[in-house]
Structures are given as C-alpha cells and as structure tokens.
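Visitor: Please show me one part of this structure up close. I would like to follow the strands and the contacts around them, step by step.

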Amino acid sequence: MPQRIDLCGTAEVAPGNALKVETGNLVLAVFNVDGEFFVMDDLCSHGPGSLSEGYIDGDVVECNFHNGQFNIKTGEVAAPPCMVPMKTYKTMVENGRVIIETD
Ligand code: FES
C-alpha cells in the first residue's frame, strides 16, 4: 500500500532552496525549483554529503562534499564523482503542504 507522508509547508522552502526533513526512518531533501517541489533522499549516494545543504543551480544540486551533481527532478547523476542516481519520491502539493507517496 502506498503511504502518504506530509513533509512541510510550501512556504517553508523558497524557490531555489531546499529543506531537510526527517520523518520516520527517512531523511529527505525537499527542493523548490521555480515553484515546483521535488523530493529525494538527503544523503548523497556518493558519501556523507547532505544534498539539502548543497548548491542549487536551476534543476541541478551540487553536493557540497565532493561537488558531484544530481538532477533534482529525476535524481540522475549530472556530474561526477557521483555514479549512483538518487532515489526520488512522487511529490505533490495539496492545501499548501508538500506530500510524498512512498511504496
Ligand atoms: S559525498 Fe556527495 S559528491 Fe561525494
């Protein structure tokens, strides 16, 4: 059964920014790209970097640890040394809240 998880209010994440949200056993990065919200795991697939603390340029986030990059919308690797795509979550906005669906 898919599970819906309420992460935060849309007003908590300004465009071009990210917010780290811990819920249950998940640690997530919530991104606002031009008013659209995207969610992926916060822990970089390459090491100990926290992607919510990375540098955001458009729809790309650069990890502040070794400067690898990921596409925020798809989780795909955008620049090395990262090699493993990030897990992303189906994300929706309802009544000003950012919600994900997990399976
Ligand atoms: S930990 Fe993120 S690029 Fe290495």
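Guide: Start at strand β7, residues 69–71. Two bridges join β7 to β8, and the two strands run antiparallel. Look at Q69: its bridge partner in β8 is A79. Strands here are DSSP runs of E with at least two residues, while helices are runs of H or I with at least four; both are numbered from the N terminus. Two strands count as paired if DSSP finds at least two bridges between them. In general, strands of a sheet pair through backbone hydrogen bonds, either parallel or antiparallel.

A word on the source. This is a predicted model, where local features need pLDDT of at least 70 and side-chain atom pairs count only at pLDDT 80 or more, while totals for chains, interfaces and linings use all residues. Residues are numbered from 1 along each chain as its sequence is written, and side-chain values use heavy atoms, with hydrogens and water left out.

Now widen the view. Strands β7 and β8 belong to an open sheet of four strands, in the order β5-β6-β7-β8, with antiparallel pairing. Its edges are β5 (55–57) and β8 (77–79), and each of these pairs on one side only. From one strand to the next, the twist averages 30°. Here, axes are lines fitted to C-alpha atoms, for helices over the stretch in contact, and angles run from 0 to 180 degrees between N-to-C directions.

Buried means under 20% relative accessible area, exposed means over 50%, and partly exposed lies in between (1.4 Å probe, protein chains only). Strand β3 has partners to trace. Six bridges join it to β2, in the antiparallel sense. There, E22 stands opposite V27 of β3. The β2 and β3 hairpin has two residues between its strands, and G24 takes a positive phi near 55°. Six bridges also pair β3 with β4, again antiparallel. Across that pairing, V30 has V39 as its bridge partner in β4. This second hairpin also has two residues between its strands, and D34 in the turn has a positive phi of about 55°.

Next come the charged side chains. A salt bridge is a side-chain nitrogen of Lys or Arg within 4 Å of a carboxyl oxygen of Asp or Glu. By this rule there are four. Take three of them in turn.

One joins E94 and R4, with the closest N and O atoms 2.7 Å apart. The two residues sit in distant parts of the chain: E94 is in β9 (residues 88–94), R4 is in β1 (residues 3–9), and 90 residues separate them. E94 is partly exposed at 32% relative accessible area. R4 is partly exposed too, at 44%.

Another joins D6 and R97, where the closest N and O atoms are 2.8 Å apart. Again distant parts of the chain are linked: D6 lies in β1 and R97 in β10 (residues 97–102), 91 residues apart. D6 has a relative accessible area of 42%, so it counts as partly exposed. R97 is partly exposed as well, at 32%.

The side chains of K20 and D42 also meet in a salt bridge, at 3.9 Å from N to O. K20 is in β2 (residues 18–23), D42 is in the loop between β4 (36–41) and β5, and they are 22 residues apart. K20 is partly exposed at 39%, whereas D42 is buried at 3%.

Stay in that loop and find G49 between β4 and β5. It is buried, at 1% relative accessibility. G49 touches D42, L43, C44, C63 and F65, leaving out residues up to four places away in sequence. Contact means heavy atoms within 4.5 Å. From G49 to V33 is 16 residues in sequence and 20 Å in space, C-alpha to C-alpha.

Finally, the cysteines. A disulfide is a pair of cysteine sulfur atoms within 2.5 Å. The count here is zero. The closest cysteine sulfur to that of C82 belongs to C44, 4.1 Å away, so it is too far for a bond. C82 is buried at 4% relative accessible area, and C63 is buried at 2%.
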